[in-house]
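Subject: Structure for you to look at

Hello,

Here is the structure I said I would pass on. Please open it beside this message and follow along as you read.

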Amino acid sequence: MALAAGIAAGGTVYPAADILDRVVASVDRTAITASDVKHEYRFERFLDAQWPPPPPDARALASARERLTYQILISREEDPAPADKAECEKAAVERLAALRKGFPGPEGFQVAVRELGMTEADIVARIAKQNLMLRLIDQRDRKSVV
């Protein structure tokens, strides 16, 4: 009825909008969405072999949002050397191998990877990126101490 009245009055009627995601923070022109924060929380729980992850509370989500913000800021600061990248990737592969042992058998690990929505290559790349950020922070802090 309202649709017919709207059309008859010459107005445009739009269906109700569906919210797909929400921006919860931004760094320069980079948006951090609610789904990014939830994925970060789930990824951190995966790294701790807490699978399935417990439902996040507001504090856990705020912490995940803060980590994502720092990751964006740090990744823009310096361009790492190729040797640093290679070393971080090697350490990431080793960490993934160690992570497998924290799950109940190979099938438990594969289920967690699928539910996380990532591939093993994605996980290695993400761990390598974290390792690289930690290395950059360490190098920067070491320079400021000298």
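**What was found**

The accessible surface of the chain comes to about 9,900 Å², and 57% of that belongs to carbon and sulfur atoms. Please keep in mind that this is a predicted model.

**Overall layout**

The chain has 146 residues, of which 29% are buried. Its secondary structure consists of six helices and two strands. Read from the N terminus, the order of the elements is α-β-β-α-α-α-α-α. Among the contacts with a separation of 6 or more, 65% are between residues 24 or more positions apart.

**The two strands**

Strand β1 covers residues 23–27 and strand β2 covers residues 30–33; they pair in the antiparallel sense over four bridges.

The hairpin of β1 and β2 has two residues between the strands. D28 is found in the loop there, between β1 and β2. Its phi is positive, near 55°, and D28 is not a glycine. Is D28 buried or exposed? D28 counts as exposed, because its relative accessibility is 67% and the cut-off for exposed is over 50%.

**The nonpolar cores**

The largest nonpolar core has 17 residues. Which of them have the most contacts inside it? They are F43, F46, L116, I123 and I127. Two or more residues of this core come from each of the helices α2 (34–47), α4 (82–100), α5 (105–116) and α6 (120–145). Another core, of nine residues, lies apart from it and includes A25, V27, L68 and I72.

Leaving aside neighbours within four places in sequence, F43 is in contact with L116, M118, I123, R126, I127 and Q130. For R126 there is a further detail: its charged end sits over the ring of F43, 4.4 Å from the ring centre.

**The aromatic rings**

How many aromatic pairs does the structure hold? There are five. One of them is F46 with F109, which is tilted, with 5.8 Å from centre to centre and 45° between the planes. This pair links distant parts of the chain, since F46 is in helix α2 and F109 is in helix α5, 63 residues apart. F46 has a relative accessible area of 0%, so it is buried. F109 is buried as well, at 1% relative accessibility.

F109 also pairs with F103: the ring centres are 5.5 Å apart and the planes are at 75°. Why is this pair called edge-to-face? The angle of 75° is over 60 degrees, which is the cut-off for that label. F103 is buried too, with a relative accessible area of 7%. F43, F46, W51, F103 and F109 form one aromatic cluster.

**A buried glutamate**

Next, look at E40, which has its place in helix α2. Its relative accessibility is 0%, so E40 counts as buried. Apart from neighbours within four places in sequence, E40 is in contact with A64, R67, L68, Q71, R126 and Q130. Two of these names, R126 and Q130, are also in the contact list of F43.

In general, most residues other than glycine have a negative phi, and most peptide bonds are trans.

A49 lies in the loop between α2 and α3. Its phi is positive, near 60°, and A49 is not a glycine. At 28% relative accessibility, A49 counts as partly exposed.

P52 lies in the loop between α2 and α3 (58–75). What is the form of the peptide bond from W51 to P52? That bond is cis, with omega near -5°. W51 is also one of the residues in the aromatic cluster.

Regards

Terms used
Residues numbered from 1 in each chain as written. Predicted model: local features only at pLDDT ≥ 70, side-chain atom pairs only at ≥ 80, totals over all residues. Heavy atoms only, no water. Buried < 20%, exposed > 50% of the residue type's maximum accessible area, 1.4 Å probe, protein only. Contact = heavy atoms within 4.5 Å. Areas by Shrake-Rupley, 256 points an atom, 1.4 Å probe, with all protein chains shown as cover. Core = buried A, V, L, I, M, F, W, Y, C linked by side-chain atoms within 4.5 Å. Phe/Tyr/Trp six-rings, centres within 6.5 Å; stacked < 30°, edge-to-face > 60°. Lys NZ or Arg CZ within 6 Å of the ring centre and 35° of its normal. Pairing = 2+ DSSP bridges.
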